There are 6 protein chains.
Amino acid sequence: MSDFDTNLPSIRQVQNFIKDKHEIELKLVTGDLLAGKIFWQDKHCISILDHYDKQTIVWRHGIVYLKPKS
Amino acid sequence: MSDFDTNLPSIRQVQNFIKDKHEIELKLVTGDLLAGKIFWQDKHCISILDHYDKQTIVWRHGIVYLKPKS
Amino acid sequence: MSDFDTNLPSIRQVQNFIKDKHEIELKLVTGDLLAGKIFWQDKHCISILDHYDKQTIVWRHGIVYLKPKS
Amino acid sequence: MSDFDTNLPSIRQVQNFIKDKHEIELKLVTGDLLAGKIFWQDKHCISILDHYDKQTIVWRHGIVYLKPKS
Amino acid sequence: MSDFDTNLPSIRQVQNFIKDKHEIELKLVTGDLLAGKIFWQDKHCISILDHYDKQTIVWRHGIVYLKPKS
Amino acid sequence: MSDFDTNLPSIRQVQNFIKDKHEIELKLVTGDLLAGKIFWQDKHCISILDHYDKQTIVWRHGIVYLKPKS
């Protein structure tokens with residue numbers, strides 16, 4: 001199983017949020033919260049677009065959890 | 001031994017909590033506590049459902065400990 | 001040397017604490033202290049039983065040090 | 001996929017910021033913010049030049065997110 | 001180069017401190033300072049004996065730096 | 001590419017600082033700043049000598065960034 005296996009639920013779930021342009025929230029190891037839509041993901045990072053379509057590239061090791069907004 | 005070896009007690013124990021829909025509590029590296037039932041697990045993440053069935057995808061590296069509620 | 005090599009002193013020492021039901025204390029990356037007896041260990045986690053025999057599954061990456069109580 | 005795969009969006013995106021001398025901001029695990037232009041990147045680090053062309057070599061594990069300035 | 005290569009200066013230096021029973025100080029990721037003599041080291045941990053010969057097993061990932069006392 | 005590849009800019013740059021006995025500053029994950037000259041580096045650690053030629057062995061995972069002093 002490579003590190004970026006698209007069969008894994010955690011990778012597939014993020015892929016669905018990208019497709020559905022679902023609003024999500026990331027809790028970071030610094031305690032910060034980051035809201036937006038997921039732009040892309042790869043083995044190291046997840047990229048978020050905020051409401052102004054500004055991109056933030058977040059390293060996976062800096063993410064504690066991801067919460068989809070209802 | 002792959003990273004996600006279902007023979008490992010830590011993986012098997014989580015699998016049992018999923019099957020029994022056992023209430024658990026996660027202590028995160030930020031100090032936060034997250035309560036709920038485990039929805040699924042994979043090599044990178046554990047997904048929790050809260051009392052409103054809202055999903056939170058938690059990265060394993062962000063988890064310090066897991067405590068089953070009595 | 002695999003990651004969970006029972007010849008390593010750190011793995012063997014924990015194995016002895018399990019066998020002797022030795023009281024120990026874990027210092028966690030959040031600064032928390034967790035006291036109890038070690039129930040089991042595997043490549044990812046160490047499980048602790050507190051005084052009420054309640055289990056806490058601690059991820060190794062969340063442990064800073066382990067101290068046996070005299 | 002090696003750890004430093006230039007086909008990955010996260011590596012390629014940083015490469016573009018280097019080429020375009022784009023101003024960026026790094027959020028670090030200590031909570032610090034570091035602003036400047038990216039000088040170079042490799043498997044372990046990203047080097048930033050501040051407004052005085054002073055270099056800071058940042059370890060990837062110390063970076064939470066990277067934000068391009070508009 | 002395996003993870004625990006005794007040719008590496010960092011491993012050899014700790015080996016010397018063990019041999020010479022040199023007093024050292026460990027700075028931990030929690031900010032704590034731990035003083036004592038190094039008892040043993042392996043791939044995952046470094047064990048310290050304090051002034052009462054009490055052992056503390058410290059995970060390498062929990063250590064920021066090691067300082068020999070003069 | 002091994003973990004300690006002397007062709008990498010981040011490894012080579014530290015090698016140059018050692019050769020030139022360049023004063024540098026390390027920012028640690030605890031928020032501490034450590035100043036001095038780099039004594040040696042290996043796959044796991046970077047050793048610093050302070051103004052009294054006292055050695056501090058810093059684990060790479062404990063370093064956020066390195067800044068050369070002008």
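This is a predicted model: local features need pLDDT of at least 70, side-chain atom pairs count only at pLDDT 80 or more; totals for chains, interfaces and linings use all residues.
The relation between neighbouring copies was examined by superposition. Chain A is superposed on chain B by a rotation of 60°, with 0.0 Å of shift along the axis and an RMSD of 0.0 Å. The two copies are thus related as by a six-fold rotation axis. For chain B and chain C the superposition likewise takes a rotation of 60° and 0.0 Å of shift along the axis, at an RMSD of 0.0 Å. The surfaces used by these two copies differ, since 14% of the contact residues of chain B recur in chain C. For chain A and chain B, only 14% of the interface residues of chain A are also interface residues in chain B, so the copies meet through different surfaces.

The interface between chain A and chain B draws on 22 residues of chain A and 19 residues of chain B. The size of an interface is often given as the accessible area lost when the parts come together. Between chain A and chain B about 1,800 Å² is buried, and carbon and sulfur atoms account for 65% of this area. The polar part of the interface includes 7 residue pairs in polar contact, with both residues at pLDDT 80 or more. On the side of chain A that touches chain B, helix H1 (9–19), E1 and strand E5 (63–68) of chain A each contribute at least two residues. The most is given by E5(A), with 6 residues. By class, this side of chain A consists of 12 nonpolar, 6 polar and 4 charged residues. The interface of chain A and chain B also holds 1 salt bridge. This salt bridge is formed by Asp32(B) and Lys27(A), whose closest N and O atoms are 3.3 Å apart.

E5(A) pairs with strand E4 (residues 55–59) of chain B in the antiparallel sense, over 2 bridges. Within this pairing, Leu66(A) has Ile57(B) of E4(B) as its bridge partner.

The interface between chain B and chain C was treated in the same terms. Chain B supplies 22 residues to the contact and chain C supplies 19 residues. The buried area is about 1,800 Å², with 65% of it from carbon and sulfur atoms. A count of 1 salt bridge was found between chain B and chain C, and its partners are Asp32(C) and Lys27(B), with an N to O distance of 3.3 Å. Polar contacts across the interface of chain B and chain C number 7 residue pairs, both residues of each pair being at pLDDT 80 or more. The elements of chain B that each give at least two residues to the side touching chain C are helix H1 (9–19), strand E1 (23–28) and strand E5 (63–68). The largest share of that side, 6 residues, belongs to E5(B). Its residues comprise 12 nonpolar, 6 polar and 4 charged. E5(B) is paired in the antiparallel sense with strand E4 (residues 55–59) of chain C, over 2 bridges; here Tyr65(B) has Val58(C) of E4(C) as its bridge partner.

Over all chains, the count of salt bridges comes to 6. One of them links Asp32(A) to Lys27(D), at 3.3 Å from N to O. Asp32(A) is located in the loop between strand E1 (23–28) and strand E2 (33–41) of chain A, and Lys27(D) in strand E1 (residues 23–28) of chain D, so the pair joins two chains. Some pairs of chains make no contact. Chain B and chain D do not touch, their nearest C-alpha atoms being 11 Å apart. Chain C and chain F are likewise not in contact, with closest C-alpha atoms 11 Å apart.

Within chain A, E1(A) and E2(A) form an antiparallel pair over 5 bridges. Lys27(A), the salt-bridge partner of Asp32(B), has Leu33(A) of E2(A) as its bridge partner. The hairpin of E1(A) and E2(A) has 4 residues between the strands, and Gly31(A) in this hairpin adopts a positive phi near 95°. E2(A) pairs in turn with strand E3 (residues 45–49) of chain A, in the antiparallel sense over 4 bridges. A hairpin of 3 residues connects E2(A) to E3(A). In this pairing Lys37(A) stands opposite Leu49(A) of E3(A).

Technical notes
Residues are numbered from 1 along each chain as its sequence is written. Chains are lettered from A and ligands numbered from 1 in the order in which they are written. Side-chain values use heavy atoms; hydrogens and water are left out. Contact means heavy atoms within 4.5 Å. Buried area is the accessible area (1.4 Å probe) that two parts lose on being put together, summed over both. A salt bridge is a side-chain nitrogen of Lys or Arg within 4 Å of a carboxyl oxygen of Asp or Glu. A polar contact is a pair of N or O atoms within 3.5 Å; within protein, one must be able to donate a hydrogen and the other to accept it, and residues adjacent in sequence count only if both atoms are side-chain atoms. Ala, Val, Leu, Ile, Met, Phe, Trp, Tyr, Cys and Pro count as nonpolar, Asp, Glu, Lys and Arg as charged, and the others, Gly among them, as polar. Two strands pair if DSSP finds at least two bridges between them. Copies are superposed by least squares on the C-alpha atoms of residues with pLDDT of at least 70 in both.
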